[in-house]
Amino acid sequence: SASPPRSDRLCLSLPEALKLHQAGRRREALLLYAEALSRDPKDPQVLYAYGLCLLETGALAEGAGLMAALVALRPNDAAGRYALGKALAMTGDPNAAEAELRQAASLTPGMAEAWLELGALLAPRRPEAAEAALREGLKHRPREATLWCNLGNVLGERGRRREAEAAWNRALELSPGMVEAELALALARRAAGDAAGAVAMLEAASRRRPDLAELHYNLGVTYFHARQLDLAIAALEQAMNCPRPLGKAAVRLAQAAQAACDWELLERLWPKLRAEADAAVAGRPCEISPFFSLSLPLSEAERAAIARAKARQVEARVAADRAAAGLERRRPGADAAGPLRVGYLCSDFRDHPTSHLMAGMFALHDRERFYVAAYSHGPDDASAYRRRVQRGVDAFVDIAYMNHVEAAERIAADGI
């Protein structure tokens, strides 16, 4: 974290409080910080350290108050503004947080933490602004691997896969073995259909960091998609047994157990699935997918709640891209000239059950009444199934490496 501001006056309890804080004994440190602050309420070092300790223990409002007092005393203190920005973000005031973080970055442009925190704050709501902030940070800290990795994450979320992969690779050049970048690249490989490459990266990373549940989880998901169910179950169980287990691992493990007909394991996991369904009914996020819910002993009302939870998640994810595209949904009128222009959007125009079932359907459209386009956002496996789909449509467009906005604009330009 950023270095605390110095004070010319140190009260007797402050040095001991700092030692306890650095040793992770925060509760004890808080008592001494309180004593130090009572002796000198305007000591900037006490305000910073005490505020930071409060934030670390979850006392967000109190910590933010001390950071605000520090900034009032020292308005040009970049570390104080950075800490205040983080506190405001955690207390749910993103606009004020953004202002403080931008001020911190302006005061000390080389403070990578400020650019990183600003990017993280902006990414969910304004990804284009997050990208700009991270790129600005890289102008001042071009060898900061974490900035490159986070830039890749933002680009990846926006569908700009090639740029994202370049950013993650740059992060690994600067910091070999950086787990976050390796994980992101592995997931990109999996999305591109390179399951073997994804497995190799995830296995290597999980050997180095066996404590990280996210690595075991994604390794398990990759094995699951490759139908290596025993390996998937082992990896997902490992994800659940890590020091910080992932709740979503239980749902994926249940899917693997169901696919492997391991009914005993599925039964043991039922309480966790039941809790997820209850969360959806209560209007909270839910890890069960609508498709998986169809094979579980749930009511129609519960399945509908799970579908609504998923819809809310997708809506939040695409809100920024929808605004950026500025496209309106067009509905052709009854007197629209020419055939109805229909588009099929799919990730499985390949050797996959979806194409096994529907590859011949496209050619059966009445071409006097319908114009048929297929938009592929999945891997090109050069299979006979993919070629059959291509032959059966009027236009086959590969949008796998377009971002969401570019894909939407292409589909709109095609008059679909």
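Predicted model: local features only at pLDDT ≥ 70, side-chain atom pairs only at ≥ 80, totals over all residues.
**Entry 1: ground rules**

I call a residue buried under 20% relative accessible area, exposed over 50% and partly exposed in between, using a 1.4 Å probe and protein chains only. Residues are numbered from 1 along each chain as its sequence is written, and side-chain values use heavy atoms, with hydrogens and water left out.

**Entry 2: the whole chain**

I started with the overall picture. The protein chain comes to 21 helices and 3 strands; these are DSSP runs numbered from the N terminus, helices being H or I with at least four residues and strands E with at least two. The C-alpha trace spans about 85 × 55 × 45 Å along its principal axes. Of the 416 residues, 43% are buried. I then looked at contacts, meaning heavy atoms within 4.5 Å. Among those with a separation of 6 or more, 52% come from residues 24 or more positions apart.

**Entry 3: Val154**

Is Val154 buried or exposed? With a relative accessible area of 7%, Val154 is buried. I found Val154 in helix H9, residues 145-157. Leaving out residues up to four places away in sequence, Val154 touches Ala123, Pro127, Ala130, Glu131 and Leu134. I also checked Leu47, which is 107 residues from Val154 along the chain; their C-alpha atoms are separated by 34 Å.

**Entry 4: helix H14**

Helix H14 covers residues 229-240, 12 residues in total, and reaches 16 Å from its first C-alpha to its last. That is close to the 16 Å expected at 1.5 Å a residue, where the expected span is 1.5 Å times one less than the number of residues. I listed Leu229, Ala232, Ile233, Ala235, Leu236 and Ala239 as buried in H14. What do the buried residues of H14 pack against? They pack against helix H13 (213-225), helix H15 (247-259) and helix H16 (263-281).

**Entry 5: S1, S2 and Ser376**

Strands S1 and S2 pair in the parallel sense over 7 bridges; pairing requires that DSSP finds at least two bridges between the strands. One of the partners I looked up was that of Gly343, which is Ala373 in S2. S2 is mostly covered, with 5 of its 7 residues buried.

Ser376 is in S2, and its 0% relative accessibility is why I count Ser376 as buried. The side chains of Ser376 and Arg386 are joined by a polar contact of 3.3 Å. For that term I need a pair of N or O atoms within 3.5 Å; within protein, one must be able to donate a hydrogen and the other to accept it, and residues adjacent in sequence count only if both atoms are side-chain atoms. Beyond four places in sequence, Ser376 touches several residues, including Cys346, Phe349, Phe396 and Val397.

**Entry 6: rings**

I found 4 aromatic pairs. Rings of Phe, Tyr and Trp (its six-membered ring) pair if their centres lie within 6.5 Å; planes under 30 degrees apart are stacked, over 60 edge-to-face and the rest tilted. Phe349 and Phe362 make an edge-to-face pair, 5.9 Å centre to centre with 75° between the planes. Phe349 lies in the loop between strand S1 (340-346) and helix H19 (353-358), and Phe362 in the loop between H19 and strand S2 (370-376), so the pair ties together parts 13 residues apart in sequence. Both Phe349 and Phe362 are buried. One aromatic cluster is formed by Tyr344, Phe349, Phe362 and Phe396.
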